[in-house]
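Subject: Structure handover

Hi,

Here is the structure I promised to pass on.

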Amino acid sequence: MSYDWIIDVLFWIAFVFLVGVYVSWRATRLDRLHVRVETARAALDAALVRRAAAALELAASRLLDPAASLVLATAAHEARTADAEGREFAESDLSRALRAVVDQPEFVGTITARGAGGDGGEVLDELSSAAAKVAYARNFYNDAVSQARTARRKLLIRILPLAGRAPLPDFFEIDDDPPGI
């Protein structure tokens, strides 16, 4: 009696099992990449809000001249209240406003001299830290988006709907060059 058919059946069972494991692994990896994108986006949003708050604090500190305070406060307010479509433009405008105000000659010396009790230096340190964190958070977010988009271009992901209904993540492109504090 020949048992060749048992070997064939076991081979096909093992093959189907391994393909199932591989597909499951790819789906789990894609899910982890989407979670990473969402986490990085939350961190980026928090960094942007912190930078806008630091800019508003500088504008309200009475350490700037009224025109610079108005420009900075307006740009920070627009960045905080922008809708999803206008957020990148508003954040870029805030970056340009920060550079226009902060990159003036002798700005740091003037602000630290005007600040009573070292308040000017603390406000500038907070703003500098917040601006640097925006750049880092945007880089991390765009890196996560790039990896997720690369994974979603794979043939298996496209043939089998492993991405589910998750939207394809978009890059967040802004002018995030920090001011020269």
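First, the rule for salt bridges: one is counted when a side-chain nitrogen of Lys or Arg sits within 4 Å of a carboxyl oxygen of Asp or Glu. Keep in mind that this is a predicted model, where local features need pLDDT of at least 70, side-chain atom pairs count only at pLDDT 80 or more, and totals for chains, interfaces and linings use all residues. Residues are numbered from 1 along each chain as its sequence is written, and side-chain values use heavy atoms, with hydrogens and water left out.

**Salt bridges**

With that rule, the count is eleven salt bridges. One of them pairs Arg50 with Glu126, with 3.0 Å between the closest N and O atoms. Arg50 belongs to helix H1 and Glu126 to helix H5, so this pair ties together parts that are 76 residues apart in sequence. (Helices here are DSSP runs of H or I with at least four residues, numbered from the N terminus.) As for accessibility, buried means under 20% relative accessible area, exposed means over 50%, and partly exposed is in between, using a 1.4 Å probe and protein chains only. Arg50 is partly exposed at 27%, and Glu126 is partly exposed too, at 28%.

Glu91 and Arg87 form another salt bridge, at 3.3 Å from N to O. Both residues are in helix H3, four residues apart, which is about one turn of the helix.

Asp175 counts as buried at 18%, whereas Arg96 is partly exposed at 39%. Salt bridges with shared partners also join Arg41, Asp45, Arg51, Arg87 and Glu91 into one network.

**Helix packing**

Next, the helix pairs. Axes are lines fitted to C-alpha atoms, for helices over the stretch in contact, and angles run from 0 to 180 degrees between N-to-C directions. Helix H1 (residues 4-60) and H2 have axes that come within 8 Å and cross at roughly 155°. H1 and H2 are therefore roughly antiparallel, a label used for angles over 145 degrees. The crossing of H1 and H2 is left-handed, meaning that the near helix is turned anticlockwise from the far one by less than a right angle.

Which residues of H1 and H2 meet? On the H1 side they are Val49, Ala52, Ala53, Ala55, Leu56, Leu58 and Ala59, and on the H2 side Ser69, Leu72, Ala73, Ala76, His77 and Arg80. Contact here means heavy atoms within 4.5 Å. By class, this contact has ten nonpolar, two polar and one charged residues. For the classes, Ala, Val, Leu, Ile, Met, Phe, Trp, Tyr, Cys and Pro count as nonpolar, Asp, Glu, Lys and Arg as charged, and the others, Gly among them, as polar.

H2 (residues 66-81) also packs with H3 (residues 87-102), at an angle of about 160° and with axes 8 Å apart. That makes H2 roughly antiparallel to H3, and the crossing of H2 and H3 is left-handed. From H2, Ala68, Val71, Leu72, Ala75, Ala76, Glu78 and Ala79 take part, meeting Arg87, Ala90, Glu91, Asp93, Leu94, Ala97, Leu98 and Val101 in H3. The contact of H2 with H3 has eleven nonpolar, no polar and four charged residues.

**Some single residues**

Ser92 is in helix H3 and is buried, with a relative accessible area of 9%. Leaving out residues up to four places away in sequence, Ser92 touches Ile174 and Asp175.

Ala132 lies in helix H5 (residues 119-152) and is partly exposed at 28%. From Ala132 to Val37 is 20 Å, C-alpha to C-alpha, and 95 residues in sequence.

Glu38, in helix H1, is exposed at 56%. Glu38 and Tyr3 are 35 residues apart in sequence, with 53 Å between their C-alpha atoms.

Cheers

Definitions and conventions: Helix = DSSP H or I, 4+ residues; strand = E, 2+ residues; numbered from the N terminus. Parallel < 35°, antiparallel > 145°, perpendicular 65-115°, else oblique.
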